[in-house]
Amino acid sequence: MLEQVCALAATTSDVLAMAYSQIVRGVNRRVLGTFFTPSPVVSHMLRLCQDLQPQTVIDPGAGVGAFSLAATTTWAPVDVLAVDVNVVTLGLLAAHEERLKSTGIQARLHLVHQDFLTWSSAIPTLPGPRLILGNPPYTRHQHMTAQDKQVAQQAAGPLVDSGLAGLSTYFLAACIRALSPEDSLCLLLPGNWCQARYGREARKWLWTARDREVRLQFFPSTAEVFPGTQVTAMILYVGPQSDSSTRPFAVQNAEIIDGKVALTNYKRVVRTGPTPPRFTRLHRMPTDDSSTLLLSDIIGVRRGVATGANQFFFMTDEVKETLPADVVVPALLRASHVEGDVLDAATFALNGERGLQRWLLQIPAERPITEPPLRNLLELGEHNGYHLRHLTSRRPSWYSVERVDAPDMFFSPFAHRSHRVISNETGAVASNNLYGIYVNADSAWNSSQLAEWLRSAPGQAALADRARDYQGHSHKLEPSDLLRTRIPAAPP
């Protein structure tokens, strides 16, 4: 019965979505954060909620009503409120409201043309129990005006403490704040809030709400849950409060297979101790034991030199040969400048022959600028406005970059399949495209052993366990993530 209900609703919402895509240009849909939910995902989320008995269902950012239409036929008769600031999508939904009633299904669908974030404070006044069900808009923070962010911050309160949050995270926070003990929510969201700093307060709320069941279901970063988009999606379910002191906190993988959402890799997580720094890797986090140690126990990590204008401060042999020897040092600008695993003398020389930027301009602040070639170079930099950039303008001498020791190895924080680990045999310093790894002198590991292990399959798997996933199977490690990577207590 549920599948038939969802199929009816999906047919209607698919027609509306097609009509909307003809009316509104794709670029404008992206700015508005409008993505239409595939019917298998709608059906799956309805199944997650099928044991609930809501009196009111709220669809935040309802769009063309995939969830609203499904809810009217799943829990009839209930009040279903489709809330959206977009008059075009609500207008399309209104045009089909009479068609829905003509089917004989008892439905009380209410179209609310308001900004959900300002309207959400009214949720506790609606008949309960209430279920918040839907797919909030995915508008990125770059597309939000200062006024938008002010309204969003007021609705989110302390659950969002960063201006980098997208609109969907503000929606999530507003929904959480509106929950009464008997209420539930089930939302389809982009996955970044599960690992980004701006989502940490929402994660903390979920982690400490131990009297509510919480389910996190992650689609793989390679999946196009929304066809033609680059959004990593996940489903969040939060149940009503229970008399039980500790309700399940479950993490699963989700994938659309043969027109249905399939779940794998179930893991029930015990909510004890502080909130984990990320939710995306809860089902893969390794066990801490005496056979392993943290990378932070044996290394130091720092980003490479932040110049503020790499095109000026990193230079080729042609420019370097005109300057005094004491103002340039060997450097590696990008990992792609090394084809193998080692930056040795031969590779460094080859980079010079290729005309690559392999030298860093590193002028001590106290050094007099007397040589004409050096003075001319700095005047050219000022002519091009490099001294007025954010970072350079904050230095006592705009041209004097920070001094960084040459690392034992270079580490590429971004990866598509594997992270590059490049041994440094030339004494070069890194740009801020790379991290420098410095192995402690008293460590049981030496730099060669560590570099070899980090490049190995177990090493790459350990790094992946700490990385933050992005669309297209790419991932990134912040320095703190790298330091929390676990390695064997002794070299293999």
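This note sets out points on the predicted model of the protein, from its overall make-up to individual residues.

1. Overall make-up. The protein contains 17 helices and 23 strands. Of its 492 residues, 53% are buried. Where contacts join residues at least 6 apart in sequence, 74% of them link residues at least 24 apart.

2. Helices H15 and H16. Helix H15 covers residues 447–455 and helix H16 covers residues 457–466; their axes come within 4 Å and cross at roughly 75°. Angles from 65 to 115 degrees count as roughly perpendicular, and H15 and H16 are therefore roughly perpendicular to each other. On the H15 side the contact is made by Trp453, Leu454 and Arg455, which meet Ala457, Pro458, Gly459, Gln460, Ala462 and Leu463 of H16.

3. Aromatic pairs. The model holds 13 aromatic pairs. One of them joins Phe312 and Phe313: the ring centres are 5.0 Å apart and the planes stand at 90°, so this pair is edge-to-face. Both partners lie below the 20% limit that defines a buried residue. Phe312 has a relative accessibility of 8% and therefore counts as buried, and Phe313, at 0%, counts as buried too.

4. A tryptophan pair. Trp445 and Trp453 also form a pair, with ring centres 6.2 Å apart and planes at 70°; the arrangement is therefore edge-to-face. Trp445 is buried at 2% relative accessibility, and Trp453 is buried with a relative accessible area of 10%. Trp453 also belongs to the H15 side of the contact with H16.

5. An aromatic cluster and charges over rings. Phe312 and Phe313 belong to one aromatic cluster together with Tyr386, Trp398 and Tyr399. The ring of Phe313 additionally has the charged end of Arg395 over it, at 5.5 Å from the ring centre. A further case involves Phe348, whose face has Arg358 lying over it at 4.5 Å from the ring centre.

6. Leu282. Is this loop residue buried or exposed? Leu282 is located in the loop that runs between strand E9 (260–268) and strand E10 (292–294). Its relative accessibility is 4%, so Leu282 counts as buried. Setting aside residues up to four places away in sequence, Leu282 touches Leu216, Phe249, Val251, Lys267, Val269 and Pro276.

7. His337. Which residues does His337 contact, leaving aside its neighbours within four places in sequence? His337 sits in the loop between strand E13 (328–332) and strand E14 (342–343). With a relative accessible area of 9%, His337 is buried. Its contacts, with those neighbours left aside, are Leu332, Thr347, Asn351, Arg354, Leu356 and Gln357.

8. Points to examine in the model. The reader may begin with the crossing of H15 and H16, at roughly 75°, and then turn to the cluster that includes Phe312 and Phe313. The two loop residues may follow: Leu282, between strands E9 and E10, and His337, between strands E13 and E14.

Key
Residues numbered from 1 in each chain as written. Predicted model: local features only at pLDDT ≥ 70, side-chain atom pairs only at ≥ 80, totals over all residues. Heavy atoms only, no water. Axes fitted to C-alpha atoms, helices over the stretch in contact; angles between N-to-C directions. Parallel < 35°, antiparallel > 145°, perpendicular 65-115°, else oblique. Contact = heavy atoms within 4.5 Å. Phe/Tyr/Trp six-rings, centres within 6.5 Å; stacked < 30°, edge-to-face > 60°. Buried < 20%, exposed > 50% of the residue type's maximum accessible area, 1.4 Å probe, protein only. Lys NZ or Arg CZ within 6 Å of the ring centre and 35° of its normal.
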